[in-house]
Amino acid sequence: MDKILIEGGVPLHGTVAVSGAKNAALPVVAAALLAEGDHRIGNVPDLADVRTLSRLLAHMGCRVERGTGDSRDSVEVRVPRDVRPEAPYDLVRTMRASVLVLGPLLARWGRARVSLPGGCAIGARPIDQHLRGLAALGAELRLEHGYVEARVPRGRLSGTTFAFDKETVTGTENVMMAAVLAEGRTVLESCAREPEVSDLAAALVRMGARIEGAGTHRIQVDGVESLRPVAHAVIPDRIEAGTFLVAGALPGNRVTVTGCVPGHLEALLEKLRAVGASVVPVAGGLEVAGGGRPRPVDVKTAPFPGFPTDMQAQMMVLLALADGSSEVTETVFENRYMHVLELRRLGADISVDGRVALVRGVRGLSGAPVMASDLRASAALVLAGLAATGVTEVRRVYHLDRGYERIEQKLAPLGARIRREKA
Ligand code: EPZ
């Protein structure tokens, strides 16, 4: 197991490029199951979660290979005529997004056995909306021995109108993937509008699907008989970009983030401007510079285009250094403040009451050993370590590697004194 050591208090200057989006690559790779043949998916980050999904598809009988050299950002997926429609617990428990194979398996083969994802550090994260949507399309689903046992009695799913009770990103993606091969028209309402949902829809349309309205609350899908293999490059990772933008907004820093899509980051950019950072569009990206102490700003997370919950922890680091108090309200997940205890170890002054964290800004943080609890919390601890005086040791960085491609190698050229060591 690795740990990351950071000698903080060094101003960051320079340019960093973002990788492809984990949360777009996962559903697009899963969507490959919908069509027999050779798929080529580009801009796929080399992350633990992507490797887990690749192992899952291989377990089903697909061949998944990452390119080398110039095409190392691409993944080739060969999907056979028939697969073993099963997602075992040992793979699903390490990555809950594995549930994204359920929709494609039911749509193409009319049966699936997928382990229920267990609990998660940030919340209960049930999949009831996924199951309700698939049942509305005509699937029969029962929970048995920790698995979703699902089949389509009619052999083919049937178009319908379905409204989600709650905006769910992977729920929208799963049901949309199922609907593309269903008979007739499906109208999905109260859908998630995240850019990753739109990117999946774009890939599906390239495969021959008929989808309208992705990126809005109402998605219309006209089912087709079959789909063809896809060649699609996924969108840049807006959360990785956001993490580096927050690094640039820390006092004394100036960082240019290239390869990101500013339109995917508006809610964050608005808050960075509000704390007093300068945010300037530049060729191929955004330049952010932190001036003196940030101003306090209240932040409330919400589904896209609201402030992303996946940026809440990182933004809290900036507010922990503000000249005053800020209120952070987490509305998406019920337990996403695990980083607070660790930030306090670095000298932050934060109290939590239910979904609201009160962040009283301090003049500076001081380095200490800290423990990562989940993916975005670990990114926040790295940012805090960069801002703190002295050495910060971040343990359990396997959380970080799930969503950030070689983060220390990306930060070092900005001047960060950061390295990875065996724990
Ligand atoms: C996606 O998770 C992302 N993961 C998460 O990113 C992200 O935090 C989340 O969307 C919200 O933006 C991927 O795309 C792989 P949800 P997802 O279903 O789809 C509740 C990261 O750091 N809900 O939109 O699992 C749920 O409990 C990860 O990269 C139900 O109640 O999130 C939550 O409170 C972490 N029933 C809320 O809805 C359901 O059936 C939103 O969850 C589904 C969800």
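Predicted model: local features only at pLDDT ≥ 70, side-chain atom pairs only at ≥ 80, totals over all residues.
**The ligand and its shell**

Select the ligand and the residues around it. There are 21 of these residues, and D128, T168, T170, D310 and V332 come nearest. Colour the shell by class: seven residues are nonpolar, six are polar and eight are charged.

Next, show the helices. α1 (22-31), α5, α6 (169-179) and α12 (375-387) each supply at least two residues of the shell. Of the elements that contribute, α5 gives the most, with three residues.

At Q129, a polar backbone atom is 2.7 Å from an oxygen atom of the ligand. At V169, the corresponding distance from a polar backbone atom to a ligand oxygen is 2.8 Å. At V332, a polar backbone atom lies 2.6 Å from an oxygen atom of the ligand. Taken alone, the ligand exposes 830 Å², and the protein buries 90% of that.

**A four-stranded sheet**

Select β6, β7, β8 and β9. They form an open sheet in the order β6-β7-β9-β8, with mixed pairing. The edges are β6 (86-87) and β8 (140-144), each of which pairs on one side only. Strands of a sheet pair through backbone hydrogen bonds, either parallel or antiparallel.

β6 and β7 (residues 111-115) run parallel and are joined by two bridges. Pick A87 here: the residue opposite, in β7, is V114.

**Backbone features in loops**

Most residues other than glycine have a negative phi, and most peptide bonds are trans.

- Follow the chain from β7 towards α5 (128-136) and stop at R125, in the loop between them. Its phi is positive, about 50 degrees, although R125 is not a glycine. R125 is partly exposed, with a relative accessible area of 29%.
- Move to R396, in the loop between β23 (391-395) and α13 (398-401). Phi of R396 is also positive, near 60 degrees. The relative accessible area of R396 is 36%, which makes this residue partly exposed.
- Finish at F304 and P305. The peptide bond from F304 to P305 is cis, with omega near 10 degrees. P305 sits in the loop between β18 (299-300) and α10 (312-320).

Methods. Residues numbered from 1 in each chain as written. Heavy atoms only, no water. Pairing = 2+ DSSP bridges. Buried < 20%, exposed > 50% of the residue type's maximum accessible area, 1.4 Å probe, protein only. Near = heavy atom within 4 Å. Polar contact = N/O pair within 3.5 Å; in protein donor to acceptor, adjacent residues only side chain to side chain. Areas by Shrake-Rupley, 256 points an atom, 1.4 Å probe, with all protein chains shown as cover. Nonpolar A, V, L, I, M, F, W, Y, C, P; charged D, E, K, R; others polar.
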